[in-house]
Amino acid sequence: MKVGDLVCYNAAGQKYKTLGVVYEFGTNLHGYSRRGCVLIQWCIVGEMMPRREWGDRGWSREPIQPGEFIWHPIGDWFEVANENR
């Protein structure tokens, strides 16, 4: 996964229901020590989405909306869409 990749959330049956663009990677968000995180702008969202990392609004439980930029912990639950293997 790299900046500019299209990714989907490959968990909870959402692989073909989600699509986002990777914008940035980070490890120290808002002055707190964090594991590796990825900033994704979600274009298509599903019923289930990955949890948010701590952000400007704190721990938000509000559903992710299309167009939102969200920090997420990096994990194997993200898959590059249409990646040639």
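Visitor: What makes the contact between Lys2 and Asp5 a salt bridge?
Guide: The closest N and O atoms of Lys2 and Asp5 are 3.1 Å apart. A salt bridge requires a side-chain nitrogen of Lys or Arg within 4 Å of a carboxyl oxygen of Asp or Glu; the value of 3.1 Å lies within that limit, so the pair qualifies. Please note that this is a predicted model, in which local features need pLDDT of at least 70 and side-chain atom pairs count only at pLDDT 80 or more, whereas totals for chains, interfaces and linings use all residues. Residues are numbered from 1 along each chain as its sequence is written, and side-chain values use heavy atoms, with hydrogens and water left out.

Visitor: How do you know whether Lys2 and Asp5 are buried or exposed?
Guide: Buried means under 20% relative accessible area, exposed means over 50%, and partly exposed lies in between (1.4 Å probe, protein chains only). Lys2 has 53% relative accessibility, so Lys2 is exposed. Asp5 has 12%, and therefore counts as buried. Across the 85 residues of the protein chain, 41% are buried.

Visitor: How many salt bridges does a search of the whole structure find?
Guide: The search finds 4 salt bridges. Among them is the one between Lys17 and Glu47, at 3.6 Å from N to O. Lys17 belongs to the loop between β1 and β2 and Glu47 to the loop between β3 and β4, so this pair ties together parts that are 30 residues apart in sequence. Lys17 is partly exposed, because its relative accessibility is 39%; Glu47 is exposed, because its relative accessible area is 63%.

Visitor: What N to O distance is found in the salt bridge of Glu68 and Arg52?
Guide: The side chains of Glu68 and Arg52 meet at 3.7 Å, N to O. Both residues lie in the loop between β3 and β4, so the pair ties together parts that are 16 residues apart in sequence. Glu68 is called buried because its relative accessibility is 18%, and Arg52 is called buried because its value is 10%.

Visitor: How many helices and strands are there in the protein chain?
Guide: The chain has 0 helices and 5 strands. Helices (H or I, at least four residues) and strands (E, at least two) are DSSP runs, numbered from the N terminus. From that end, the elements run β-β-β-β-β.

Visitor: How many aromatic pairs does a search of the whole structure find?
Guide: It finds 4 aromatic pairs. One of them is edge-to-face: the rings of Tyr23 and Phe69 are 4.9 Å apart, centre to centre, with 75° between the planes. This pair links distant parts of the chain, since Tyr23 is in strand β2 (residues 19-26) and Phe69 in strand β4, 46 residues apart. Tyr23, at 40% relative accessible area, and Phe69, at 44%, are each partly exposed.

Visitor: Why is the pair of Trp42 and Phe78 called tilted?
Guide: The ring centres of Trp42 and Phe78 are 6.3 Å apart and the planes stand at 35°, so the pair is tilted. Trp42 in strand β3 (residues 37-44) and Phe78 in strand β5 (residues 78-80) are 36 residues apart, and the pair links distant parts of the chain. The rule is that rings of Phe, Tyr and Trp (its six-membered ring) pair if their centres lie within 6.5 Å; planes under 30 degrees apart count as stacked, over 60 as edge-to-face and the rest as tilted. Trp42 is buried, at 0% relative accessible area, and Phe78 is buried, at 8%.
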